[in-house]
Amino acid sequence: MKKFFKEFKEFAMRGNVIDMAVGIIIGAAFKAIVDSLIANFIQPLLNWILPAPAEAADGAWAIGPACASFIGTIISFILTAFVLFLIIKAMNAAKNAKKKEEAPAEPTTKKCPFCLSEIDISATRCPHCTSELKE
Ligand SMILES: [Zn+2]
């Protein structure tokens, strides 16, 4: 059992799993907002555009409300997918920025090919042996 928890900890502590969990939680939270938007604004609008026939009996299948409901679900999916895409993109950008910070600094010196002294990278003449340096 101890081994199981150790393995689980190793699994959970991997950065990408945490990132993924955060993404899922944000996605779920956002989906609630989208669902609310659809239920309160888009659905009534669609119901207005595609009204149920007045003569339809209660519980009878009607093309209007069925289409409205289906379109609402599609809009919900597209919005959620789009925002998840933006979240993942932002997370990747943040990760890449972090990686760049960790990368070693650009070299500021080079070796003179004649006397092998360390000289400024943009030098065109070696300050030690005065040799002219090609780019
Ligand atoms: Zn030199």
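**The zinc site and its surroundings**

Colleagues, the donor residues of the zinc ion follow the spacing C-x2-C-x10-C-x2-C in sequence. One pair among them links distant parts of the chain: cysteine 112 lies in the loop between strand 1 (109-111) and strand 2 (118-120), and cysteine 126 lies in the segment after strand 2, 14 residues apart. Strands here are DSSP runs of E with at least two residues, numbered from the N terminus.

This is a predicted model, in which local features need pLDDT of at least 70, side-chain atom pairs count only at pLDDT 80 or more, and totals for chains, interfaces and linings use all residues. Residues are numbered from 1 along each chain as its sequence is written, and side-chain values use heavy atoms, without hydrogens or water.

The zinc ion is coordinated by the SG atoms of Cys112, Cys115, Cys126 and Cys129, at 2.2 to 2.3 Å; donors are N, O and S atoms within 2.8 Å of the metal (3.2 Å for Na, K and Ca). The arrangement is tetrahedral because the four donor atoms subtend angles of 108 to 111 degrees, where tetrahedral requires all angles between 85 and 135 degrees.

Cysteine 112 and cysteine 126 are both buried, that is, under 20% relative accessible area with a 1.4 Å probe, protein chains only.

I turn to two further residues. Serine 117, in the loop between strand 1 and strand 2, is buried at 18% relative accessibility. Leaving aside neighbours within four places in sequence, serine 117 contacts Lys110, Lys111, Cys112 and His128, contact meaning heavy atoms within 4.5 Å. Alanine 123, in the segment after strand 2, is buried at 15% and, not counting residues up to four places away, touches Lys110 and Leu133.

Terms used. Tetrahedral: all angles 85-135°; square planar, octahedral: opposite > 155°, others 65-115°. Helix = DSSP H or I, 4+ residues; strand = E, 2+ residues; numbered from the N terminus. Buried < 20%, exposed > 50% of the residue type's maximum accessible area, 1.4 Å probe, protein only.
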